[in-house]
Amino acid sequence: MRLDGIPLWDGTEYRGPVDLAWEPDRITDLSPAAQRHDDLCVLPGLVDTHVHLVGYAGAGEPPDFATWPLTTTRDEQVLHGAAHAQRAMRHGVTTLRDLAGDEAQIALRRAFDAGILAGPRIQVHGVVGMTAGHNDLFVPPAVPLPLRKPTADGPDECRKLVRTWARAGMDGIKLTTSGGVLSIGDRNVWRNYTRDEIRAVVDEAHALGMRVASHAHSEDGIRVAAEEGVDSIEHGTLMSRDLAETLAARRTPVAPTLLINEAIAEGRVPVTREAMDKAAELVATRNVLLAQAAALGVRFVLGTDANGHHVRFGDQLAEVVHMTRVLGLDADSALRAATSDAADAIGMPVGRLAPGLGADLIVLRGRPWERIEDLATENIVAVVSRGRLVAGRLP
């Protein structure tokens, strides 16, 4: 498989026209080219560090977000997750990290890795959340066990749940350190976990070689997560100046999930009035704080919170463009946030195009490192995932 004379943005910067070859999932040659095709370019496949694969993927108006998981068999839910993953892949997102996974997402990861189905590269994180915490409150209170998600209270239970997820084959842990938007009866400012519990989760996960991503909207939730050494901050919405300076100095990645909170706040997607109000409260102060954080050098990465209900798989390209508007990133920085920086944030050797690396790439019309708006689904000419053409036609 070859592309000759195609302008390359390699995950860090523009390299000019190159001859690019790969077989089957390994880039074998990348060398300067004498000729060039000015209308096209090639980029690494995008990396979305925050998604939720198991959500409704059918056509038409989606069913109720809270009850769909309770009224749909797990077997059927896995098929919806596969559809979401493949849709993302066909839109150029060739690596996904699911941050609320269980055996279903692990099964998808294994099926894609084994080539049973064509699919993107996937990481899966299991959630460690407290009783009456953000993760627990997605399920209505009257729903009994075993339909409720697992919870852990106290340092010992937290350690045990981390170990349980490690045994299940998880790549990492998602920890909740604040309340959230879509959880029922929740508040963004509610404390989730004591410092001792958070310390136990981080310590146990790191001892088992697992990264910890912390869901944190509130200033207190971001602060305790950062102080206890989590590996990434999810949302980071109410980040104060001193927190931004700390996270920038530590190079801690932050996934700002911009589009979903705006869609919920404005009622552009089916949500409750409670969720709208919570999101609107966050969005009212978010932009100034996050733009300040970006100016201070915080390492923002692509993370959409895509779930099929509120953000579709395939909207990742629009999120990257929106990062330039809200955070003030230039086009190069936004592309790095969606490729090499995002890949480094989750510890996967993707997000770059270089000999020896996997063959995940997008052939695109335009020059998105100069004009970020060229990063659009309608400009995609072809997508290669794991070395195989999965969308469009190679020129």
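**Strands, a kinked helix and a buried valine**

Trainee: What makes strand 9 and strand 10 a pair?

Mentor: Strand 9 (residues 211-216) and strand 10 (residues 232-235) share four bridges in the parallel sense. Pairing takes at least two bridges found by DSSP between the strands, so four bridges qualify. Strands here are DSSP runs of E, at least two residues, and helices are runs of H or I, at least four, numbered from the N terminus. Keep in mind that this is a predicted model: local features need pLDDT of at least 70, side-chain atom pairs count only at pLDDT 80 or more, and totals for chains, interfaces and linings use all residues. Residues are numbered from 1 along each chain as its sequence is written, and side-chain values use heavy atoms, with hydrogens and water left out.

Trainee: Which residue stands opposite Ala216?

Mentor: His235 in strand 10.

Trainee: How many bridges join strand 10 to strand 11?

Mentor: Two, and those strands run parallel. The cut-off is at least two bridges, so they pair. Glu234 stands opposite Ala255 in strand 11.

Trainee: Why is the unit of strand 9, helix 6 and strand 10 called right-handed?

Mentor: With the strands pointing away from the viewer, a right-handed path from the first strand over the helix to the second runs clockwise. Strand 9, helix 6 (residues 219-227) and strand 10 make a right-handed β-α-β unit. Strand 10, helix 7 (residues 241-250) and strand 11 (residues 253-255) make a right-handed β-α-β unit too.

Trainee: Where is the kink in helix 9 centred?

Mentor: On Arg286, at about 45°. The bend is the angle between axes fitted to the seven residues ending at a residue and the seven starting there. Arg286 is also among the buried residues of helix 9.

Trainee: Why is Val47 called buried?

Mentor: Buried means under 20% relative accessible area (exposed is over 50%, partly exposed in between; 1.4 Å probe, protein chains only). Val47 has 0%, so it counts as buried. Val47 sits in strand 5 (residues 46-51), and its contacts (heavy atoms within 4.5 Å) beyond four places in sequence include Thr95, Leu302 and Ile346.
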